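The sequence and the structure come first, and the text follows them.

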Amino acid sequence: DRATELGLVDFDLASATSVGCAKRELNADIAVRSFKAGRGLALHRPVDIYLQVASACNLDCYMCAEHNRPEEWRHGRGLKSLSPELFAKIEREVFPYAKRLTIGVGGEPTISKHFPDYLQRAKDAGLDVHVMTNGSMINTDKKAELLVRCTKSIEVSVDGASKETYERIRIGGKWD
């Protein structure tokens with residue numbers, strides 16, 4: 001409504017194929033117009049969502065920010081995962097307006113016991129899902145199938161083109 005007042009909305013709701021599509025397209029349109037107009041006030045909801053669903057990782061890469069954490073909280077000790085309640089709130093309040101969800105901004109997302117459910121729900125909500133992972137826990141056909149079915153893209157951090165380099169950088173990881 002405020003966006004309409006400011007002339008940021010020029011969107012034909014009748015041309016949208018569904019309410020979900022209309023919300024997403026309208027939200028994206030407002031975001032682009034606000035940016036182009038140089039407005040400092042965001043009148044839209046997030047277009048891209050970035051979620052850290054697990055606060056820990058199973059590897060010990062020397063360049064990782066995990067080294068900034070107290071020793072007793074590293075490598076999954078004291079693991080904190082995004083709660084199902086908070087995920088449900090984001091799902092209700094943000095998913096209908098967003099286009100993309102990136103899971104894995106810090107930590108290894110596959111550590112979270114809720115990861116499969118979160119992936120499926122994001123896909124069911126119509127989001128383009130991108131996952132960032134070290135790939136070491138994609139060790140069954142079931143896990144690989146879930147990722148292929150629910151994601152638009154998967155980014156696997158490797159950081160080495162040989163066994164020696166990979167295992168020197170990705171401490172705890174196995175090249176094979």
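A salt bridge is defined here as a side-chain nitrogen of Lys or Arg within 4 Å of a carboxyl oxygen of Asp or Glu. The model is a predicted one, in which local features need pLDDT of at least 70 and side-chain atom pairs count only at pLDDT 80 or more, whereas totals for chains, interfaces and linings use all residues. Residues are numbered from 1 along each chain as its sequence is written, and side-chain values use heavy atoms, with hydrogens and water left out.

**Salt bridges**

Side chains of opposite charge can pair when their charged atoms come close. By the rule above, the count comes to 10 salt bridges, and the table gives three of these pairs, including Glu 167 with Lys 163.

| Pair | Closest N to O distance |
|---|---|
| Lys 152 and Asp 128 | 3.8 Å |

Helices (H or I, at least four residues) and strands (E, at least two) are DSSP runs, numbered from the N terminus. Accessibility is given as relative accessible area, where buried means under 20%, exposed over 50% and partly exposed in between, with a 1.4 Å probe and protein chains only.

Glu 91 is partly exposed at 23%, and a network of salt bridges links Glu 91, Asp 117 and Arg 121.

In the salt bridge of Lys 152 with Asp 128, Lys 152 comes from the loop between α5 (141-150) and β5 (153-156) and Asp 128 from strand β4 (residues 128-133), so this pair ties together parts that are 24 residues apart in sequence. Lys 152 is exposed, with a relative accessibility of 62%, while Asp 128 is partly exposed at 32%.

Glu 167 and Lys 163, by contrast, both belong to helix α6 (residues 163-169), where they are 4 residues apart, about one turn of the helix. Glu 167 is partly exposed at 26%, and Lys 163 is partly exposed at 35%.

**A buried arginine**

Which side chain of opposite charge is nearest to Arg 24, and how far away is it? Arg 24, which lies in helix α2 (residues 19-36), is buried without a salt bridge, and the nearest such side chain is that of Glu 25, 7.6 Å away. Lys and Arg count as positive in this assignment and Asp and Glu as negative, with His and the chain ends not counted. Apart from neighbours within four places in sequence, Arg 24 is in contact (heavy atoms within 4.5 Å) with residues that include Phe 95, Tyr 97, Lys 99 and Leu 127.

**The α4 and α5 pair**

Helices α4 and α5 pack at an angle of about 25°, with their axes 9 Å apart. They are therefore roughly parallel to each other, a term for angles under 35 degrees. Among the residues that meet are Phe 115, Leu 119 and Lys 123 in α4, and Leu 146 and Arg 149 in α5.

**A loop residue with positive phi**

Asp 159, in the loop between β5 and α6, has a positive phi of about 60° although it is not a glycine. Asp 159 is partly exposed at 36%, and its contacts beyond four places in sequence include Met 63, Tyr 166 and Arg 170.

Technical notes
Axes fitted to C-alpha atoms, helices over the stretch in contact; angles between N-to-C directions. Parallel < 35°, antiparallel > 145°, perpendicular 65-115°, else oblique.
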